Structure formats: C-alpha cells, structure tokens
Amino acid sequence: MNFLTRKEELILLAVLHLGESASLVKIREFLVNSTGQKWSVGNVYVPLDRMRRINYLEMRIGAPTAFRGGKAVKYYHLSQKGIRALVALRKVNERMWAGVRGLIFEKK
Amino acid sequence: MINRFHVPPRTARSLLRRFLPKTDRAYLSGDFDEIYSSLYDEKGQRRAGLWYWCQLIQSIPQIISNSLYWSFVMFKNYLIITLRNLRKHKAYSFINIAGLAVGMACFLLILLFVQYEFGYERHHKKADRIYRVNVEQHRPGGVFRARSSPVPLAPTLHSELPEVLQFTRFLSFGNSLVSYEDKQFYESDVYCVDPGVMEMFDFPFVLGQAEAALADKNFVVITQDMAVKYFGREDPIGKSLIIEGEIPLNVTGVIKNHPKSTNMNPQILISFKTVESLVSPSFFTNWISQQLESYILLSPDQHVRDIEDKIEIVFSKYQSSQDVRVLKLEQFKRMHLYSMTSNSKNIKTIYIFLAVGFLIILTACINFMNLSTARSTSRAREVGMRKVVGANRRQLIRQFIGESLVFSVISVVCALFLVYIFLPMLNSLTGQFVQFADIGRTGILLGLFGIVLLVGFLSGSYPALFLSGFKPALVLKGVLRTGMKGSMFRKVLVVAQFSITIILIACTMILGKQLSFMRNKDLGFKKDQIVVLRNNNVELQKNIQPLRDVLLQNPQITGVAQSHQLPSSIGMYNDVTWEGAQDEERIELIFNEIDYNFLDTYEIELLQGRNFSKEFPTDSRFARQEGRSLEQAGSVLLNEEAVKRFGWEEPVGKTVIQTYGETRLYFNVIGVIKDFHFSSLRNPIVPMNFFLREGGFRYISVKIRTEDTGKTLGSIEDTWKSLNPHIPFNSFFLDTVFEQRYQSEERLRKLFVYFSVLAIFIGCLGLFGLASFAVEQRTKEIGIRKILGASDSLIFILLSKEFTRLVLVASVFTLPLAYLAMSFWLKGYAYRININSHVFLFLCAALGALAIAWITVSFQAVKAARANPVDSLRYE
C-alpha cells in the first residue's frame, strides 16, 4: 500500500486542527507556525490538489470576501478515505516507534 | 484581524493568473491576494510586494507541473483508446495512414526540392552583392535582354564608379579542344576571366595562390576534376595545357569542384591577359558588339536603381546616338530562380509544385475527415459515455484532435520512409542532387513539424466538432442513425477531392498534348538524321573539301554542309538598316554564316530568288573591310519575317545595310527563305539574315539515311580519323539538342503524371473506405431488396449511383477551372495547341475520374450485391 508522504500527512493534520476554517491560507499559516519552516503557496497547493483529486479531501466553497479581492475561498475537510489513510499511517508510525530507546536520552 | 484589501503588483498578478490552472484560478489568486493583503498591513507595501514576486517564482513551476501531470493522466487514457481503435479497425487505419503518408511524402519531396532550388549560389558569400550587367533593348517588337555586354564595359565601370569594388568578365571559349601531351578532350566550360573573379566568387583553392593565379597572360586555373582528367596523379602546378592546339597555358592553381547547386561552374579559367595576344587591339575598345558577360561587385548597402542610373551616365559617354541599349543589373543570387534573360523562370515551377503538394495533402486530409465522420456511429457510444461521466465538449474536441495528431505522427514516420525510397527517383526526374540528410535542415524540420500539426488539426477538426456534438441521452438510447447529419458535408468533401483529381488529370493531358505538339511540329527544316561534327582545328577549317568528297562517296550520306552556327543554337545578332527605311531606322537581325550546301542539307525551302552560288563571285564578299561602297555589295538571304519587318513587296534585288559602328556594309538580297523555328517554340519567329562564307566554320553537318545509322556513324568516324589522325573526332545528333530544349516541359509533365497518380490513389483509398462503409450501413436494406426481387445489377446501380452523381458535380465545377488554368499556361508559348479543339480531353478527364470511381466502388458493390440476403437478415 502507498503511505502518505510526510508533507501530505502534515497538511491533513493541519486541516484536522483548523476544522471549519481550513482554507489554503490558513493551512499554510498553521504549517509555518507549527513547523517553523517556509512553505510557499505552491508547496501547499500541489499536495492539497492531489489529495482532493484522489478523494482524501473534500471541499466546500465559501463566500467571496472583500479582502480577498472579491474572490471566493475553498475550505477543505477530510473524507472518510482521508481519515483512514491518516489512521493507517499513524498506526504504522506508532508500531515503528514502539520500543525505540536511547534517542530521547541522547537528546538530553 | 486584518480586513482590508490591497491590490498586489499589477504585472505580477496578471502573470500569475496566466499560469494558474483554469479550474482553480479564482481561488488560488484569491489566496495569494489574501496573504498579500495581510502582509501589507503588517510589514508594509515593499515587503509584501517582494513576497508576492518570490512566491510567484517559487510556486508557479510546481503548479504548472502539477496540472501537466494531471492532464497527462487523461492523455494516457486518450492514447490507449486511440491505439485500441487503431488496432480494432485495421482496414480503416490502414487507409487513413496510407493516404496521409503518401500525401506527406509527396509534400516532403516537394519541400526538399524547393529548398534545394533556393540553395543555389548560397556558397558564394558575396552572392547578394555580385551583379551581372545585362543589356536591354526596347524595340517595337518587344524588349530584348541579353546576358552579354561590350568588352570594355566592366573595367570602365570599375575605374569610374567607386561603388564598383571589383569586376570580372567571362569570355566563353565555346567548345574548345584542350590537350596535355597525348590527352585531348573537348571542353565546354572554358572561360577567360579577370583576376577579380577570385575575390568576388568563392572558389576555394586546393593548390596554388588565389592572388597571383590569374595575374599574367597564359595563366590558367582548373578544377580538381580537370586536374585528375589531364594530369592524373601528377602535380598539375606548372604544367602546360594546350588549348585549341596552339595556345599554351601554364597551370597556376587548382580549385575545388563546384557544388551541384550552382549555375556558375567554369572548369577552366584562363587569365584575361591571354586574350591580348589572340585578338586585335580594337577588340578591347569595341563598345558595339557584345562579346562576353560582365560581373561587378558592389560595395555593401547600395541601391540597384541608383547604381543603374550612374552606370547609364558612364555608358552614355561611349554610346553612339543611334544606340538604344540600356544596361540593367541582375543580382547573381536571384539568377537561378528569377532569371531576367530566359523565359523559363524556375520560381514558376516552384509555385506549381507547392500548389500541387498542398492539393495532395488536402486530398489526404479529406479522406481522413470523411472516414472518421462516416464511422462516427461506432464511436457514438464512447462519446455518450464520456459525456455522461463528465467530459465536456472541449475535452472531447481535444481528444479527437489528439487522435488525428497520433495518426499524423504515425503517417509522417511512414512518409519519411517513403521519401527515403523515392528520393533517387525524384532526383533523376528533376536532375538535382537532393540528399536524404537534407531533411535535417532547420527549414525542412520546421516544415515537417508544421505539416504534422497542419494535417493533425485540419483532418481532426471536423470529426472533432461533429463527434463531440452528440447528445448523450439520444446516443445511449440508440436513437441516433448513422451520422446522417454529416452526409451533406461528406458529399462536399468527396466532390472537392474529385475536383482535385480531375484538375490534375486534365492538366496532365493538356501538358502532354502541348509537348508532343512542340516535338512534332514542322520546324521549317529537317533536324532528324543530321550528325554534327565539331571542327575546332584551324587548318581543317580552311579546307574540308577532301573530307567532304570522301564522305559523299558513302551512299548513306546524302549531304554535307558547314555553318558558323547550328540551326539549333543561333544566337548572334547584327544591326541592320535597309533600303527605304525611314530615318535610317535599324533593327536587329539574327545572323548566320553558311556555305553553299546549307539550305539543301537542312531542306530549308527557298521561296524567292536563288541560293548562294559559285557562279556569282559577289556572293562571297563578306570580308569585313572598311569603307566598302554600294558597288561592292555582297549577297544576303533573308527570311520571310525580315522581309515583313522591312515592309518590302519585292525583296529580291533590294539592299540591306549592315552597320558596324561607323562602318557600313552593303548587301543585295538574292533570295528569301521560308521562316523556320530555330529556338524553342515558346518564342516567336525572329527576322534573320544569312551570309555566305568560304571556310572557317566550326560545325560540319552531315545528313545521313535512316538505315543502319550506327554503321554510318562508324564510317564517318573512320573517314575522319584516316584523313585527320591528329584531330579528335567529336559528333552528336542534332535532334538531341532539340530534345534537351523541352526538358523542363517534359519534367513538368512527368511530375504531373506521378502526382495525378498519387492523388488518384489517395482519392480511391478514401472512396473505397466510404463505399465499404455505405455497404455496411445498408446491409439490411440490400437484403430486403433482394428478397423482394431486386437483381444483382440493380443493387450495383443503387450503390454506385450516389458516387456517380458526386463525380459529375465535381466535373461541372472543375472543368472550367482547369480550362482557364491551362489556357493561361499555354499563353507562355508563342506556338501552342488550340485549347478549344481539345475540349474533349477535359471530358476524357471527367470520364476517367468516373471510371476510377466506379472501379473502386464496384469492389464493394459487387460483394454486397452477390451476398446471400439470409446472412444479413438473420437474427441470432
């Protein structure tokens, strides 16, 4: 089976965290704040678009607002398929991390 | 939270919008704008603007590759469907690809031919600055242009005009005998040239130095071919070539062989100073007679018109008051295609070729359109399904155009293969040396690419629009019947296709008629069974009587005559005024010098007066002595045209005055000969005068009987060798010269034959496909008709009726068009067939097209008519 890439995982998590307000702008803001790294618009858009096309994400179109220059906004939320993929990845992660020692001490 | 909107930098924004995928454009640009606005409020306009630009550069590549990726996924699906269809309908695919491939191959061949023609003289870097000085004369009979000009012209222009940087003259030696030790050959490309030639033209030296190679008298530069021919492996430099048996020439240089794509290919270049010892000094100051071709090199960025004006001023200083000659410059680069001095312009052929190429490609495209729309029913379901699943019309159009592009690409590969096979044939037909590797040239590659796109879009456009217009609900219910909507358009296409075929057939036939007319027309003299012997030996020229006597003892030889020029290649003019001319008006006559036997040997009819005769000593007074008076007049023969120009009722006994600068020579007219055609029948008959000469002729014409020409030829050669063992024997048949004259017409005719065959082939392929489709559609109908008692022949008529009607409509449209085109073409010939008496040929073309259509359709029709109705009506 194909796992999500790290980028996709982060984006799906961000969408979960943001809930109702998960637009591209907010997702990007969230990612920048929580990872401390630079995310270009394209960096966010491309995986977002891909996951929409393979139905991990669903979307809803919001009302246009003035400060967006009168443009509508797309809000994303996870589909059942997306949730399943995320859960599967988490299980694998936990299994892989379980019993790993030493790393935490070294870091101290 | 920030809630104010700021407009981002305008250029960046419009740039961004251009690259965003259509479906997400509004949202994405909104996202960009939102972030920009918040940054603007936080950090100010400059930072925000900077951010916007950075984002643009970072994000656009990713976004583009993303949308490309997704469109490729769809493309893969289209490609699979296309290839499946291709495999499933093998016959249909074969017809399409074969038609397109043949059409494209044709077009590619033509393209190669055209680029070769345009490549002439390109290896001479200064070709655009080199001009030949032509002499033009405006006379009541029309404009006469000559390539040759007076001897002192070029050096005078060079010394008087600063714009003329360099000059060279080309004085032809004609067909001259060249020898080295015991090797003797006749060479036709021998010229005397000025040293400037090496600076003007790019003749790369293999041996020797360009600067000094032609600096002094009796220096000669030869090509590699010549060097090998005469010297073999010896070093040619410093060796001595003998020309015309008496002039020794010192080889000072060897140049590379000329490329094939040139008309400037002198093999032996002799220094011009050599001429000084051969002619009288007046040769170099004679502004009247035009002996040689003059080329000049202009400094960059000159206007030809300005220079022509300046040249005219210089020239007028040396012209006499009666001189009406005007000098014109002709660019060396343009000479091959746009020749000013010859009637057959190559550019015309090129246009004809391109037009034919496009017609053939068009036929192939029409095939494709016809077959795809005819087969639309079989794809209607697919279209319906795609529409139901959510494909929009644009995507479907893209799919079908993509499909025809795939066909087009496959065809072009086949076409390249065909070109590879047939290129040698085209070369032998056109006499060119196009290589397959030339396809790699940028021009050709662009053409190739263009033709793939053109064919793809042209032939895909109609099916795409047609097929994508289906209503899914109807199609899936099975309501749609057999693409009837397209049948009208299809008919138009078939008519167009047949029109092209009929035009090509008609043109080919008229072309052939005109050609055979020109070949078989009575020229006014007998050109057949005449063997011409070249005689360049001065001693032998003085007296050929012994040779003549021995030759005439042979019963197969009926006549021996001598002349200065052959009837096939008369090209020298003299300026003449005549008794009774107003204000000493002058006209230019073609002249030839002949012996007593010339008229009899060539069977030229004498209409009035008498032939030259030994009984009249005055006949032979042609010596160009100065100041002869009327009492010492010589004799001249005129042709009918000359008499007509002079306006004489009773020509015999009248006087013609040949003017020669200030010199005047008087001649009495002793006879009038019937007009004869000496040049191509493209040209009208021109006035001529003939003079008698006792000896010094370059050509001996021997008339032989038709039986056993080979043996007679052998005995002529034996006779020659036994009498003149040291002089090489060189002979040819006169009619071969005439054959060569119509080479370009013959070439055109052959090409038209091939192209019509190809057009017919492509058309038949399409018709065959259409017929098989029609039969398939009407299987049930035919079955029922047969059960109800229709005979096989009735079914056959039923099926071929429609196509017959289409061909008839096509003929009605195109025959007038072909008629007009051909009468226009025929206007280029002074002597031509009367097109109105050949109208039946056009009917033949139409009937031919009809016959071809019937044969093609009948394959399918017979099969359908013979089929057992049970097979088609049974339901399982």
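Me: At what angle do helix H11 (residues 346-374) of chain B and helix H14 (residues 442-468) of chain B pack, and how far apart are their axes?

Reply: Axes are lines fitted to C-alpha atoms, for helices over the stretch in contact, and angles between N-to-C directions run from 0 to 180 degrees. Helices (H or I, at least four residues) and strands (E, at least two) are DSSP runs, numbered from the N terminus. H11(B) and H14(B) pack at about 25 degrees, and their axes are 9 Å apart. H11(B) is therefore roughly parallel to H14(B), a label for angles under 35 degrees, as against roughly antiparallel over 145, roughly perpendicular from 65 to 115, and oblique for the rest.

This is a predicted model, in which local features need pLDDT of at least 70 and side-chain atom pairs count only at pLDDT 80 or more, while totals for chains, interfaces and linings use all residues. Residues are numbered from 1 along each chain as its sequence is written, and chains are lettered from A and ligands numbered from 1 in the order in which they are written.

Me: Which hand has the crossing of H11(B) and H14(B), left or right?

Reply: A crossing is left-handed if the near helix is turned anticlockwise from the far one by less than a right angle, and right-handed if clockwise. For H11(B) and H14(B) the crossing is right-handed. The residues in contact (C-beta atoms, placed from the backbone, within 7 Å) include B:Phe368 and B:Met369 of H11(B) and B:Leu458 and B:Tyr462 of H14(B). By class, this contact has nine nonpolar, three polar and no charged residues. Here Ala, Val, Leu, Ile, Met, Phe, Trp, Tyr, Cys and Pro count as nonpolar, Asp, Glu, Lys and Arg as charged, and the others, Gly among them, as polar.

Me: Are H16(B) and H23(B) roughly parallel or antiparallel to each other?

Reply: The packing angle decides. Helix H16 (residues 487-520) and helix H23 (residues 743-777) of chain B pack at about 155 degrees, with axes 9 Å apart. The two helices are therefore roughly antiparallel. H16(B) passes H23(B) in a left-handed crossing. Among the residues that make the contact are B:Leu504 and B:Leu511 of H16(B) and B:Phe752 and B:Ala759 of H23(B). This contact divides into 13 nonpolar, seven polar and three charged residues.

Me: How do the residues of the contact of H1(B) with H3(B) divide by class: how many are nonpolar, polar and charged?

Reply: The geometry comes before the classes. Helix H1 (residues 10-19) and helix H3 (residues 45-88) of chain B pack at about 10 degrees, their axes being 10 Å apart. H1(B) is therefore roughly parallel to H3(B). B:Ala12, B:Leu15, B:Leu16 and B:Phe19 form the H1(B) side, and the H3(B) side includes B:Tyr52 and B:Trp53. Ten of the contact residues are nonpolar, with no polar and no charged ones.

Me: How many residues does the contact take from chain A and from chain B?

Reply: An interface can be read by counting residues on each side. Chain A gives 18 residues and chain B gives 23 residues. On the chain A side, helix H2 (24-35) and helix H3 (41-53) each supply at least two residues. H3(A) gives the most, with seven. The side of chain A has nine nonpolar, four polar and five charged residues.

Me: What is the mean pLDDT of chain B?

Reply: pLDDT is the predictor's confidence in each residue, from 0 to 100. Chain B has a mean of 83, and 95% of its residues reach 70 or more. Over residues 623-627 of chain B the pLDDT is below 50, and beyond near neighbours in sequence this stretch has one contact in the model. Chain A averages 86, with 93% of its residues scoring at least 70. The model scores ipTM 0.82 and pTM 0.73.

Terms used. Two residues are in contact if their C-beta atoms, placed from the backbone, lie within 7 Å.
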